[in-house]
Amino acid sequence: MKKKTKKELLLQGNEAIVEGALRAGCRFFAGYPITPATEISELLSVRLPQVDGTFIQMEDEIASMGAIIGASLAGAKSMTATSGPGFSLMQENLGYAVIAEVPCVIVDAMRGGPSTGLPTFPSQSDVMQARWGTHGDHPIIVLCPSTVRECYDITIRAFNMAEKFRTPVIILVDEVVAHMREKISIDEDEDIEIFNRVKPTVPPEWYIPYEDTPRGVPAMANFGDGYRYHVTGLTHDIRGFPTSRPDEIDPFIRRLFRKISQHFAELHMGEFFETDDAEITIIAYGCVARSAKRAARDARERGLKVGALKLNTIWPFMRTPVEKVLQTSKIIIVPEMNMGQISREVKRVNKTDAKVFTINKVDGTIITPEEILRKIKEVR
Amino acid sequence: MSFRYDIRLSGSGGQGLILMGIILAEAIGIYDGKFVSQTQSYGPEARGGSSKAEVVLSDTEIDYPKAMSLDLLLAMNQKSCDDYYMDLKNDGILIVDSTFVNQVPIQKAFRIPFTRIARENLKREMVANIVALGAIAKLTTIVTPKAIEAAVMARVPKGTEKLNRDALKAGMNAAMKAQKASVPQMLSERVDEDT
């Protein structure tokens, strides 16, 4: 008889991230524990050795980020997990992963900030830190789950994107979703797309490590496979050596952007909920997307045409889906657990007559459906 | 409209409320097969401070994962009782640990000394949460006794199975007594409503 591979489990968001990472092929984790991301480290310290993977608790988050970059260069799919204060420390090496084009996944379980802020309370205040926390002009991929199931699926997608585009991918999860438990079924036999980085097919002496390709993503050799090449944080030529020639610098920086920007459609993930005929659309992400859906449902019961757009991709900003609801709705409401990080983006892309209103909650508690309903009544 | 039932388990840090929430969610979600979402809120302290766990169950996918109007409130200390009883629905059920809750703000409440039962009958105060789970299984229809027992057994440390099974049973018995005691009171209320 065939072994039953489908399991029904009650998992935390953090635990589902671990399951997703292992499923995607993550075999290296380096991190430093911090609420509300600790469960990820805790669980991986048990699970990784079971699959011949490596778990290291580092001395801090700077080193954690360095370790996962090194592991990835040697060929392992690697990840770290932290919260705002640790994410701040990772920014320098995050930039290194961007310029050296090293695939890796960083989970930031958002808590209240700035500084050590509110360790056990949720917030969504790292949206812009994820975008611009590391210096220099650069593209970045940032994903945001709102259910335990999405924690699993999005982590797999995050690894796929990291490998496919040779870039760090950030998973922004808030404390509510990180600690929330829901039932999910995981089927080990399920056919899930897993992407592994493209390796060079040429002999080592022909290998050009940062050569442009139609996709903008060069083939990546594992350290130790006999392909000798230079990795640096300095702006480099196609062979990986530092350059100061404008005619090499410009195409390199543009390629970094192009490899992400020519694949927006593939990177954008979200959900339209009853937006077709909606006069009012709520745009939300993370745990607040769930309040938004509930508010839309309750409003419809009262005869108001309200829909919701959930953003699962935060960066690159989901301009096309947002423009779509801006064109069909008269009113847009953007509830966020910060002072308005995504609402500014919505306003930036708004070229219609739709009015954009915000709900900004910064008291360490989730925005409730009632609060969104109240705003709907106030502005309609 | 789909069925939705909102539960808040509240008290102070160290009383085992979050574990209770997990066990209850597992019993309802995995063993009884409903949709369930469990969330929590707690301070940075390991003990003391306020702590709450919430469980929402439904027959369809759950949108808002936290408790809204409460169908069931368990208050394991006075502060949580005072803070949250206003969130109860009109027909919501209030269960208090009468070891610590002396002032019950509404008439219709089940007063059961969970901590005293755990301390005196079971000699281990730490199983007060499991005693309370037994009472919840008896006083509501949201979880079957079989499911709650299976979920408790799956979550508690090895070697404590008997203690925890006894705790569940003690909770169920105490709940039955509380139910009987409250019947006349409920009946009289119903008469009042009719007239």
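I began with the contact, to which chain A gives 17 residues and chain B gives 18 residues; two residues count as in contact if their C-beta atoms, placed from the backbone, lie within 7 Å. This is a predicted model, in which local features need pLDDT of at least 70 and side-chain atom pairs count only at pLDDT 80 or more, while totals for chains, interfaces and linings use all residues. Residues are numbered from 1 along each chain as its sequence is written, and chains are lettered from A in the order in which they are written.

The largest share, five residues, comes from α10(A).

I next followed β9(A), which pairs with β2 (residues 35–42) of chain B in the antiparallel sense over two bridges, pairing being called when DSSP finds at least two bridges between two strands. A:Glu182 stands opposite B:Ser37 in β2(B).

Last, I turned to α13 (residues 369–379) of chain A, whose buried residues (20 or more other C-beta atoms within 10 Å of their own) are A:Pro369, A:Ile372, A:Lys375 and A:Ile376. Seen down the axis of α13(A), these fall within an arc of 125°, taken from the directions from the helix axis to the C-beta atoms, so they line one face of the helix. Their cover includes α10 and β11 (280–284) of chain A.

Key:
Helix = DSSP H or I, 4+ residues; strand = E, 2+ residues; numbered from the N terminus. Buried ≥ 20, exposed ≤ 12 C-beta atoms within 10 Å, placed from the backbone.
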